Structure formats: C-alpha cells, structure tokens
Amino acid sequence: MKQSWMTFAQRPVPRYTSYPTAADFAPAVGAGEARAWAGSVKPGSAISVYAHIPFCDKLCWYCGCATTVPNGYDRIAAYVETLHAEIDLWADAMGPHGGLAHLHFGGGSPNSLRPEDMTSLIGHIGRRFAMRPDAEIAMELDPRVLSEAQVEAMAGAGVNRVSLGVQTLNLDVQKAINRVQPRAQVERVIARLNAAGITKHNMDLMYGLPGQTVADVEEAAAFAVLQGTSRISVFGYAHVPWFAKHQAAIREDMLPDIEARFAQAEAATAILLDAGYVPVGLDHFAREDDSLAVAAQTGHLRRNFQGYTDDPCDTLVGLGTSSISQFKEGYVQNLKDRNAWRDAVQAGQLPSERGIALTEDDRLRARAIERLMCDLRVDVAEVCAEMGAAPDALDDALETARFLVPAGLCTVNDGVVTVPLSARVMLRTVAQSFDGRFKPAPRRHAKAV
C-alpha cells in the first residue's frame, strides 16, 4: 500500500449499499410511508424481494449480520409463520406491478430452514408477487449444514443461484473465527448442487481475518477458480465489536494490520484476474460469461443492500426482521426486535420502524455514488443532466475529490472522477466525496480498508 493512502485507509466510511445510508434512517418514516410507497409502484415495473432468515446453526465470530442461534426449530417455525403473514401484508399493499424478477434469501443462514419451509416460502412469495418465469431465485448457504433434502427442495422450488460462505480454507483461521469447514466438505456441497442443476454459484471470501496470511488468501481464491465459481466476492473483515458483540471473541492482536490487509486484497485480485475474472466494482469478480460481468462492462451494474447486482428493479421489498425496503420515494427498515416485528404483523401492520424520504439532492448524490461504486468512474455533468439538476449541483463533491488526487486515489478531469483499478480498494473513500450527509463519528462505520 502506498504510504500516502495510510491515513485514508484507517478512516471509517460507509459501504454505500444505499444513499442515504442506514445510519441516516429515523423513526419519522415508518409503516405509513411504507404502505403509501408500496402502493405507488408503477403498473409495468418489475420488483425484487429480499427475505431475511436471521438464524444460524453456529455463530461465526467475524459476522456483522443480524442473526442468532435458535437452539431448536420452534423459534424458526414461529418466524416462518409470521413471515408468511408479512408476505400477505406487503402483497396487499402493493399496487399493480410488472411481477417479481429477483428473489433473494439472505441471513443468517437460509438453509437453517427445513426443506418444506423453503418450498412453502418460495411458493407463497411467487404467488403473491407474481413471480416471472425467468426470475432469478438466489439463496445464501452455509456449506456446513446443507442437506441433500434441502438441495432437492431448492431445485424443485426453482432456486437457480446460490451463494456459499467459504471465507477461508486455513483450519487455524477457521478455528479463530468459529467456522470450521474442511475444503472437502465445500467440494461435496458444490458437487451436490451441480448434480441438482443449480450451477450458478457465488462464493464469499474474506481477508483481514485473525492469523490470516497472503498465502491463505491466495489458496482460497485459487480454490474458487478451480470450482468454476460464477461470482466471487473478496470482503475485508470489519472489526466492529461495539456493533457486533460476538466479535469480541476475536483477539485484536491477531488481526493483520492495514498494510497486510492491503497485500491480501491485492493477492486475491491477482489470482482472479490471472484466471480471467472480470473485476466488478469495489470487491467482486465474475466470469466473463456471467450476467454480472456483462452488466459491469456495459454500464448496467447496480448496487443495493445485497451488494453488487444486475437487478435493474427500482423497487425492493424487504421481508423479515431488520430488512430494508427500497422505493422511488425512499427507504424503510423493518423492526429489528423479533417480538416487536411479530406483534406488528399480527396486528395487520407493515412492520417498518424507521426510514428516510429522499430529497432531490439525495437522488442526485445517490446516482453519482452508485455510478462511481459500480463503474469506478462518474461523469458529474452527465449525472446532473440525467437527474435534472443544475450543472454546478455537485461542485462541492468535485472539490472534495480533488483533495484525494495527490494521494493517487482518483483523478478529476473535466468533471469526471475516475478511480484507477489499482486503488479500487479505496473506492468508498472517493465515493464519500459525494456524500452530503456524512458526519465523521467514531464507531459508526468500518475502516476503508
């Protein structure tokens, strides 16, 4: 890592899966807005649905997701029952639309569900939201607890893309993060999925884990290539124990420093580029024949709460605790407390507890940030013209970005901000230049690298 990047790399910045970010959500926007916004979807517009399954067989210490260990299936069964009721509430609130184009199950671990519950949820969502015949149905999976019956249920229900949490293959690192899964176990899972006809695989890898080395990251990246993985994400571990309490189980003195983290990210990138993968945005890679790579190369890449996507839908309905819904008017987030979420649904109310209504300035900046995060380039004049804004509406952002030029984080020429591929690990820092709401605060966001 260049020494000129060190100060920037240690500053906390948002991940910009949305703008404004969830840190700006407030209780002033809730169920009333959610219902009104859901009813205003344009009749011909396709929609997406995200279903959050907040349960895991074991808690991985690196995880920052909203999840818990259920200690028996009763809690999961009760959650699924409420989820079915929430599906109906949202479907009843929605105006006529163009059908469901993308369905994503995340968590937690969606394969904490029994096969019959997987099937019933997908079927219910498909009926109530008018699933399109060509819809993508994706599911995040924990390879350690995936059964043959679950694979059969997913294939029968139409699941056509899965995301496997692999993170690392080093046994000592796996022990340090409480996620032991031998290489052979992952290979067996991939073989099962392929045999069932589910051949589009994403794989999540991580760097910056306790005790992890460059060689460990290279081994995991090479493994992903060998398995023919369609899409690969290479995330940096974000140590935020004040937010994710269980991360306190990870010894901070075992974590790689900033320079080591950068070296690990660069090592994974080198392996994947050499294998012919297309770099996608901040931290993703895709095979040339994958739709995500095509979207990245044609300027149609998008970014939402699930990360990088080729999903063009402007409406995303979030189901389950803590899920976030996106509408053209703004964002709403569901109640995080499971009992409060259940009580709201049982009372016939959309379980939204906070959110934000978008201003015209928000929309302008959101568009600029998304293009920069997706393309590593944004033409400010083009964005202003597209969004109907004054030509000088983002002059403040350009001025801020110019401060990053001497460090080599970006270039600014004729109103075009470009981040070189070699600096894409610092992409969030450059995107922050366009953030009109950013407030520096300790323990609010993860470090840039």
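**Exercise 1. State how enclosed strand β4 (residues 161-167) is, and which strands pair with it.**

Solution. Of the 7 residues of β4, 7 are buried, so the strand is largely enclosed by the rest of the structure. Buried means under 20% relative accessible area, exposed over 50%, and partly exposed in between, with a 1.4 Å probe and protein chains only. Strands (E, at least two residues) and helices (H or I, at least four residues) are DSSP runs numbered from the N terminus.

The model is predicted: local features need pLDDT of at least 70, side-chain atom pairs count only at pLDDT 80 or more, and totals for chains, interfaces and linings use all residues. Residues are numbered from 1 along each chain as its sequence is written, and side-chain values use heavy atoms, with hydrogens and water left out.

Next, take the two faces. In a regular strand the side chains alternate between the two faces of the sheet. In β4, Arg161, Ser163, Gly165 and Gln167 lie on one side and Val162, Leu164 and Val166 on the other, and all are buried.

Then the partners; two strands pair if DSSP finds at least two bridges between them. Strand β3 (residues 131-141) pairs with β4 in the parallel sense over 4 bridges, and 5 bridges join β4 to strand β5 (residues 201-207), also parallel. Valine 162 is the bridge partner of methionine 139 and has histidine 201 as its bridge partner in β5.

**Exercise 2. Describe the sheet that contains β15, β16 and β17.**

Solution. The 3 strands form an open, antiparallel sheet in the order β15-β17-β16. β15 (377-379) and β16 (411-413) are at the edges with a single partner strand each, so one side of each has no neighbour in the sheet. From one strand to the next the twist averages 10°. Angles run from 0 to 180 degrees between N-to-C directions, with axes fitted to C-alpha atoms, for helices over the stretch in contact.

β16 pairs with strand β17 (residues 416-418) over 3 bridges; one of the bridge pairs is threonine 411 with threonine 418. α12 packs on the sheet and touches β15 and β17, its direction making about 145° with that of β15.

Terms used. Contact = heavy atoms within 4.5 Å.
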